[in-house]
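Please look over the model shown below with its charged side chains in mind. The report that follows takes up salt bridges and then a pair of helices.

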Amino acid sequence: MSRHLTRGRRYAIGAALFLSLMAACGSEDMLKPLKDNGAYAPAGVDVGETSVDGLIVGHRLMAAGEFELALKAYYRAAAHQGMTVDTLSAIGSAKLRLGRLGQAEADLRKAIELDDTFVPAWNNLGVVLMERGEYGEAERVFHTAFALDSGQSAEIRENLRLALAKLENPTYSEENESNFTLVRRGTSEYEILAR
């Protein structure tokens, strides 16, 4: 029973100490709420704001040589925009840079099925076919890209020239052989990424 009183006494002493401390604090000395001090907790993400386009982020990452991160950005763009010709072509281009030629070819062929006038998908498919040693089909694909582009892109013309040279002489090799891929940025602007 004495132990019970001891516990009760401790409780009474603690309560008295707490009340005396509270009484000692005047209303001016009490802590003020955060919002009265002007310090607010950070707000959540405003869903009304537009985020940066995943395609643009991916293009910048491709230019920086961050192909795996670019692929993730393109997947995010596809999740937001859907599997459009732009997103499929960009995903295929990233996979091409990562050496995933079979996957890149499949994505680029799907992009062409969606829009058979999309020049970057045709050109990038040609690059994949060149990498796989399928020079005949690569030449036909580059020829299509060249025709759709009306011969305006020097890079597509160079890709076509290389494909023709490889087709005529499969052992053909240049010292400074250059391959290019095109990645679409917006509706009519193309960013040329050297391979």
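## Basis of the report

A salt bridge is here a side-chain nitrogen of Lys or Arg within 4 Å of a carboxyl oxygen of Asp or Glu. The model is predicted, so local features need pLDDT of at least 70 and side-chain atom pairs count only at pLDDT 80 or more, while totals for chains, interfaces and linings use all residues. Residues are numbered from 1 along each chain as its sequence is written, and side-chain values use heavy atoms, with hydrogens and water left out.

## Salt bridges

The whole structure contains 6 salt bridges. In one of them, E105 and R132 meet through their side chains at 2.4 Å, N to O; E105 belongs to helix 6 and R132 to the loop between helix 7 and helix 8 (135-148), so the pair ties together parts 27 residues apart in sequence. Helices are DSSP runs of H or I with at least four residues, numbered from the N terminus.

E105 is buried at 12% relative accessibility, whereas R132, at 41%, is partly exposed (buried is under 20% relative accessible area, exposed over 50%, partly exposed in between, with a 1.4 Å probe and protein chains only). R109 and E137 form a salt bridge at 2.7 Å, N to O, which links helix 6 to helix 8 across 28 residues. Salt bridges with shared partners join E105, R109, R132 and E137 into one network.

## A buried asparagine

N123, in helix 7 (residues 119-131), is buried, with a relative accessible area of 1%.

Conventions: Helices (H or I, at least four residues) and strands (E, at least two) are DSSP runs, numbered from the N terminus.
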